[in-house]
Amino acid sequence: MTVSQQIPVATLGVPRFGRRRELKFALESYWSGTSSAGDLLATSKALRAASWEEQRDRGVSKIPSNDFSLYDHVLDTAAMVGAIPSRYGWNRGEVPLDTYFAMARGNQGQTEDCGHAGHKEEAYGPGVTAMEMTKWFDTNYHYIVPELDDDQTFALSSSKPVDYFLEAKALGIHTRPVILGPITFLKLAKSPAEGFGPIALLPRLLPVYEQVLQRLKLSGADWVQIDEPALVLDLNPNERAAFEFAYGQLSKAAPELKIMLATYFGSLGDNLETAVSLPLAGLHIDLVRAPEQLETVGRLAPKDLVLSLGLIDGRNVWRANLPAILDGIKPIVAGWPLDRVEIAPSCSMLHVPIDLRMETELEADIRSWLAFAAQKTDELVLLARALSQGRDAVAAALKASAEAAATRLRSTKIHDPLVEGRIASIDHSMKRRESAFGERSRVQAGTLGLPPFPTTTIGSFPQTPQVRRARSAHAKGQLSYVDYEIFLKKEIESAIRWQEEIGLDVLVHGEFERNDMVQHFGEQLSGFAFTQHAWVQSYGSRYVRPPIIFGDVSRRNPMTVRWWQFAQSLTEKPVKGMLTGPVTILNWSFVRDDVPRSEACRQIALAIRDEVTDLERSGARMIQIDEAAFREGLPLRQSDWKAYLDWAVECFRIASTGVKDATRIHTHMCYSEFNEIIDAIAGMDADVISIETSRSKMELLDAFTSSKYPNEIGPGVYDIHSPRVPEVCEISDLIMLARERLSDGQLWVNPDCGLKTRKWEEVRPALMNMVAAARALRIKWPEASPSSPCGELPAGSCRP
């Protein structure tokens, strides 16, 4: 094969927001009203152009377009097909920008008797809630959940895929547009109609997809990438038949337009025969998560199919061992026409940071072990050159890759014999509480003396510009240690006094000293490395910098005790000790790939256990161990669940069970379909679990009801991912819905999640309304009637 015949390189998708988070600041400026829609769109257009040009210059031949999104690609798809819930007041036609953002974030609005000063009149009348948000498969990326009725109609309502293709074309860059596939879109959707499965809407949805493909072809596209990660899930016969029907139709819509069907996050498994039988021009498979499927795909797929080989990890940051990868794909090289092969990452590189070159402060050896999106792109190009021109053409690069992999495995920074010995000493007594929940609960009730429907928050309070500036100034040496301590103590004291003032029952210190709920702990543990600019999108304009776990983990010193002691010294009310759990630290980090994830998690669990017991010895009566990402790590195939849940529950129990009966252990979980894992949640045996339920209108509590979950629960009554301030009556309605599912003695009242991303002007009235709703309910507790949720509320608090 000549250089002109070099194997194509595809990226499938790349980070959207810019090296300096330009999209974040443009979005937040637009949302705050300090810049125009034109400003936002100009910034996003410049980011797309820079991304396309960089990929071209690095040697990518299959450059994606329409992988960019202002908020979320699933929301983009809902806008494209006109799946706009009626509450947003959409009147057909192109979906307006503000409607799009209202679907993602909600809208406060205003009513005549609302009484809140400073609210602007909105097109959405009395305000509108956001659509539900949950995790994208088993990643930490959040998508907006489509809402589809059984009488749903669809219409092409956004030309974004075509617009972006033409935008790149005008720059002289020929792209391969990316769209989310119709089956995955429908499987990710929810319906308010009981017993209705959105997959039944496929015949109504497909004509819109056909229009999109036809318009792309007329615009000059020759390939389109259709993402169907649902093909790695457990599918029933009806869903497999839906794939056959859908792609039979789509292949006829624009016959000259070639379809590359992209699967990722796992193995096709028992869906493989369905996938290779579809009338496609190309198929992408994930060979990082599922290398074992290469041989079967190569044997069963028709030889005229273009195989896109997902060889570079699109979800982790480790530099690839390129010679080992080349050795692993020898069977396909020997038996497949190389003119029908593409080289690609395992999935879109949305899930990794942008460019390692920005990390100038990382230790040199650790830096040499890493690769971010830019470097992974270079690795893809090197693999393509090695296959096209022979290994000698890139011999130096292959040698450097192999040496980096070997150096990492030999490094003394990775293995700690003391940690390994402690892991070996874990026994059954370290995985259980002294007494069952019923007995513990009686002891705790006598010790704490909390009222019915106790109120609390999840942990963090707003990270204001002042807090961020002080942290930054301290990190840069511009604010002394003493002055920074004084600043933090003032913030904590102010938060404690305000919580007392509004009447919260269980307080928190606000976490002003913490940059991130995982990073804060990782910085105090061995085996972690941290970055300055390695941002990854979580949702919308929210980005995180996941720590990198490169070696054995242990705790050096107490991590939170001092700040908890200070906060508790300011009040007679209980202040929760706030920790992040081992499973969440694991799942929200880039994890080492040289040991099983379960082993890394046990190491973290022992470190957190040490902190829990130190907090208890210091006087903490409540300790919250957040496991926000517990379900996130659940394998996509049900046959693999038990192994994960067994070690994840074990790790939480190792972290949490070293305390006396009188100490109440809380945990918090985000965005989880609890029906599927309720037994595991019960097995964690936390005294109180708080969960996000406001957007689902308490539907997520059904799992706890049907399983007769005995422990206490704080279902979220306030959606913190929206700037809306819920009224007292709205919160009361949610509490009443919770009371229909759970006993009064089980219920806590709290927001959905931590409040660090919100502003105080949103948080203060929302929490005051939450406390007012709980207090009103106590007036007749336990006789308050679920059928009259507003009967005992303060006058004027409910909508007419």
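How many Å² does the accessible surface of the protein chain come to, and what percentage of it belongs to carbon and sulfur atoms? I began with this one: the surface is about 29900 Å², and carbon and sulfur atoms hold 51% of it. A reminder to myself: this is a predicted model.

**Entry: the whole chain**

I looked up the secondary structure next and found 28 helices and 18 strands in the protein chain. The radius of gyration is 27 Å, close to the 28 Å that the globule rule gives for 800 residues, so the chain is as compact as a globular protein of that length. Along the principal axes, the C-alpha atoms fill a box of roughly 80 × 65 × 55 Å. Of the 800 residues, 62% are buried.

**Entry: the cores**

I then went inside. The largest nonpolar core has 126 residues, and W136, F185 and Y247 have the most contacts within it. Helix α7, residues 202-219, gives the most to this core, with eight residues. Another core lies apart from it and has 111 residues, among them I608, I625, L634 and I678.

Leaving aside neighbours within four places in sequence, F185 is in contact with V74, T77, A78, V81, A83, P146, L148, L180, L205 and Y209.

**Entry: T139**

Is T139 buried or exposed? I found T139 in the loop between β2 (133-135) and β3 (142-144). T139 counts as buried because its relative accessibility is 3%, under the 20% cut-off. Its side chain reaches two backbone atoms: the oxygen of W136 at 2.8 Å and the nitrogen of Y141 at 3.1 Å. W136 had already turned up in my notes on the largest core. Beyond four places in sequence, T139 is in contact with F265, R315, H351 and E632.

Most residues other than glycine have a negative phi. With that in mind, I noted two residues.

- L12 is not a glycine, yet has a positive phi of about 70°. L12 lies in the segment before α1 (22-32), and counts as buried because its relative accessibility is 4%.
- E511, also a residue other than glycine, has a positive phi near 60°. I located E511 in the loop between α19 (481-502) and α20 (519-522). With a relative accessible area of 11%, E511 is buried.

Key: Residues are numbered from 1 along each chain as its sequence is written. Side-chain values use heavy atoms; hydrogens and water are left out. Helices (H or I, at least four residues) and strands (E, at least two) are DSSP runs, numbered from the N terminus. Buried means under 20% relative accessible area, exposed over 50%, partly exposed in between (1.4 Å probe, protein chains only). A polar contact is a pair of N or O atoms within 3.5 Å; within protein, one must be able to donate a hydrogen and the other to accept it, and residues adjacent in sequence count only if both atoms are side-chain atoms. Contact means heavy atoms within 4.5 Å. A nonpolar core is a set of buried Ala, Val, Leu, Ile, Met, Phe, Trp, Tyr and Cys residues joined through side-chain atoms within 4.5 Å. The radius of gyration is taken over C-alpha atoms; the globule rule is 2.2 Å times the number of residues to the power 0.38. Accessible areas come from the Shrake-Rupley method with a 1.4 Å probe; for residues, only the protein chains shown count as cover.
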